[in-house]
Amino acid sequence: MISKNIIFKYGHFYDRETNQRISLVENTTYCILGDESTDFEIGKPVGRIQKEKSISTFRNELEEKEKAKKIDMFKLIFDRNTSLFFEINIKQNQYIFEVKLLEELYSFKKKEWKNKTFRLYDCYCKVVNSTGEKIDYFEPVYGKSLNELYKNTYIHFFGNEGNPAVNALDRFYELSGSNNRITYIRDKCEADIYRQEQLLNRSNL
């Protein structure tokens, strides 16, 4: 058995004799001794936990931004409490995470955008479960948007093993149906809006 005199600082372990940063090896067991019981604390939640807004409050905020001309149009994609899923592939292992939407998920667009494609509005959400390859010591992960949730999940469970940046439109999906990626659902909403606009224009002729 090997013992080292280390200090925890900046989120890392340092050898107090050599001042070198020490990396802990995955799946290795360590016995850590502290001087006081206060040297240990329960880990903070992964991501920020925020108070859930009521449906009316959340919708009113969207309408206020729409009135301020910051937003041209909103379109509801999913209701709150909808379950979505995403995958992370690491070293030929596939990890599948279940997400619960804690607010409604809207897409939106602005008039000044050259690209008229709808984008996703922020939506408070939470990873509630993992399937596929087993995650040891799984715990919930929180995010103020789907992109942030994916990044928080990736960094927490897999550290620096790859790139945590993704486009949520291409990554998140429903379980049912073959065309279940958010990209497809968003594009379908855009097509519906376009058809409605065409019908409205014809009726005004």
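Tutor: We can begin with the core. In this predicted model, the largest nonpolar core holds 27 residues, and Phe97, Val99, Leu146, Phe158 and Phe172 have the most contacts inside it.

Student: What makes this set a nonpolar core?

Tutor: The term asks for buried residues of listed types, such as Val, Leu and Phe, joined through side-chain atoms within 4.5 Å. The core of 27 residues, with Phe97, Val99 and Leu146 among them, is a set of this kind. At least two of its residues come from each of β4 (73-78), β5 (83-90), β6 (93-101), β9 (125-132), α2 and α3 (168-171). The largest share, six residues, is from α2.

Student: Which residues does the second core include?

Tutor: Phe58, Ile71, Phe74 and Trp113 are included in that separate core of eight residues. In soluble globular proteins, nonpolar side chains tend to be buried together.

Student: Which residues of α2 are called buried?

Tutor: Leu146, Glu148, Leu149, Tyr150, Asn152, Thr153, Tyr154, Phe157 and Phe158 are. Buried means under 20% relative accessible area, so each of these residues falls below that cut-off. Over the protein chain, buried residues make up 32% of the 205 residues.

Student: What follows α2?

Tutor: Gly159 does, with a positive phi near 55 degrees.

Student: Which residues have a positive phi although they are not glycines?

Tutor: Asn19 has a phi of about 65 degrees, and Tyr137 has one of about 55 degrees. Asn19 is in the loop between β2 and β3, while Tyr137 is in the loop between β9 and β10.

Student: Why are Asn19 and Tyr137 called exposed?

Tutor: Exposed means over 50% relative accessible area. Asn19 has 63%, so Asn19 is exposed. Tyr137 has 77%, so Tyr137 is exposed.

Student: What lines the largest pocket?

Tutor: The largest pocket has a volume of about 2,800 Å³. Its lining consists of 48 residues, with Phe13, Leu24, Val25, Tyr30 and Ile32 nearest the centre. Two or more lining residues come from each of β1 (6-9), β2 (12-15), β3 (21-22), β6 and α2. With four residues, α2 gives the most to this lining.

Student: How many helices and strands does the protein chain have?

Tutor: Four helices and ten strands. From the N terminus on, the order is β-β-β-α-β-β-β-β-β-β-β-α-α-α.

Student: Where is confidence lowest, and where is it highest?

Tutor: Helix α4 (residues 182-203) is lowest, with a mean pLDDT of 56, and strand β10 (residues 141-143) is highest, at 95. The protein chain averages 78, and 83% of the residues score at least 70. Over residues 197-205 the pLDDT stays under 50, and the model has one contact for them beyond four places in sequence.

Key: Residues numbered from 1 in each chain as written. Predicted model: local features only at pLDDT ≥ 70, side-chain atom pairs only at ≥ 80, totals over all residues. Heavy atoms only, no water. Buried < 20%, exposed > 50% of the residue type's maximum accessible area, 1.4 Å probe, protein only. pLDDT = per-residue confidence, 0-100. Contact = heavy atoms within 4.5 Å. 1 Å grid on protein atoms, 1.4 Å probe; cavity = no way out; pocket = protein on both sides within 12 Å on 5 of 7 lines; lining within 4 Å. Points joined across faces, edges and corners; volume = space filled by probe spheres on them.
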